[in-house]
Amino acid sequence: VMRDAGFNPDQLGASAWQAKAVSAFVELHIEQGPLLLNEDIPVGVVTAISGATRFMADVQGLAGHAGTVPMHMRRDAAMAAAEIGLYIEQRCSVQAGLVGTMGMLEVPNGAANVVPGNARFSIDIRAEQDDVRVAAVEDVVAEIQRICERRKVQIALRKTHEANSVPCAGRLQQQLAQAIAECGLTVRHLPSGAGHDAMAIANIA
């Protein structure tokens, strides 16, 4: 297709920019969150792109009849997952910029009259500072083990993603803030909780 369009794929490498030719990278993006919207501010200056850690988890309990298995004898995989989700919410609510999400939660082959024997869920923890994120992840993993032991269920926890935070260049923040102020607008600094291309470009600029 490239040849048909008049390009020479054998010379692709010659088109690459040299890393030393790049002094800075500025990325414009919608906020993807409610802060600027709620404050009625049209633009903000990003201080850092938050780092993120993600897991997928599979909880194995013991399926049983909803009417015949006494509450104290249950090994309910869904309730273990629910308790873990509530702990993630609690742990990640103690510090500004730290967020935790259980975005996926399912009970495979579940039924209204069955105590769930299996549950699957995802975990996504992010923060502007890596040490804050790592501490939260360690606490969550430790609490998961305690919850599962107490509830007598087994869990397989698999890390699917790990990305460090990327601070934005102070000189660019300063220049952008000055330009915003000169337009008569409020200068609002905030982290980007969503990952963006600038995270990759930060390796060279």
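The questions and answers below go through the cores, helices, strands and some single residues of this structure.

Q: What kind of model is this, and how are its residues numbered?
A: This is a predicted model, in which local features need pLDDT of at least 70 and side-chain atom pairs count only at pLDDT 80 or more, while totals for chains, interfaces and linings use all residues. Residues are numbered from 1 along each chain as its sequence is written, and side-chain values use heavy atoms, with hydrogens and water left out.

Q: Why is S50 called buried?
A: The relative accessible area of S50 is 6%, and buried means under 20% (exposed means over 50% and partly exposed lies in between, with a 1.4 Å probe and protein chains only), so S50 is classed as buried. S50 lies in the loop between β1 and β2. Not counting residues up to four places away in sequence, S50 touches R126, A127, E128, S165, P191, S192, G193 and M199, where a contact means heavy atoms within 4.5 Å.

Q: Why is R91 called buried?
A: With a relative accessible area of 16%, R91 falls under the 20% limit and is therefore buried. R91 is placed in helix α2, and beyond its neighbours within four places in sequence it is in contact with L98, A135, A136, D139 and V140.

Q: What makes a set of residues a nonpolar core, and which residues touch the most other members of the largest one?
A: A nonpolar core is a set of buried Ala, Val, Leu, Ile, Met, Phe, Trp, Tyr and Cys residues joined through side-chain atoms within 4.5 Å. The largest such core has 25 residues, and V59, I84, F121, I123, I125 and I155 touch the most other members. Two or more residues each come from β2 (51-60), α2 (77-91), β7 (118-127) and α3 (130-151), and α3 gives the largest share, seven residues. A second, separate core of five residues includes I49, V166, A198 and M199.

Q: How do you know that α3 is a helix whose span is close to the expected one?
A: Helices are DSSP runs of H or I with at least four residues, and strands are runs of E with at least two, numbered from the N terminus; α3 has 22 residues. The expected span is 1.5 Å times one less than the number of residues, and the 31 Å from the first C-alpha of α3 to its last is close to the expected 32 Å.

Q: Why are the buried residues of α3 said to lie on the same side?
A: The buried residues of α3 are V132, R133, A136, V137, V140, E143, I144, I147 and C148. They cover an arc of only 140° around the axis, which puts them on the same side of α3, the arc being that of the directions from the helix axis to the C-beta atoms. An α-helix has 3.6 residues a turn, so residues three or four places apart point the same way. The face turned away from this buried side carries the exposed residues D131, E138 and E149, whereas the cover over the buried residues includes β2, α2, β7 and β8 (154-163).

Q: How do you know that β2 pairs with β7 and with β8?
A: Two strands pair if DSSP finds at least two bridges between them. β2 and β7 run antiparallel and are joined by 10 bridges, with F55 facing its bridge partner I123 in β7.

Q: Why are β9 and β10 described as edges of their sheet?
A: Three strands form an open sheet in the order β9-β1-β10, with mixed pairing. β9 (166-167) and β10 (189-192) each have a single partner strand, so one side of each is left without a neighbour in the sheet. β1 (residues 45-49) pairs with β9 in the antiparallel sense over two bridges, and P167 in β9 is the bridge partner of A48.
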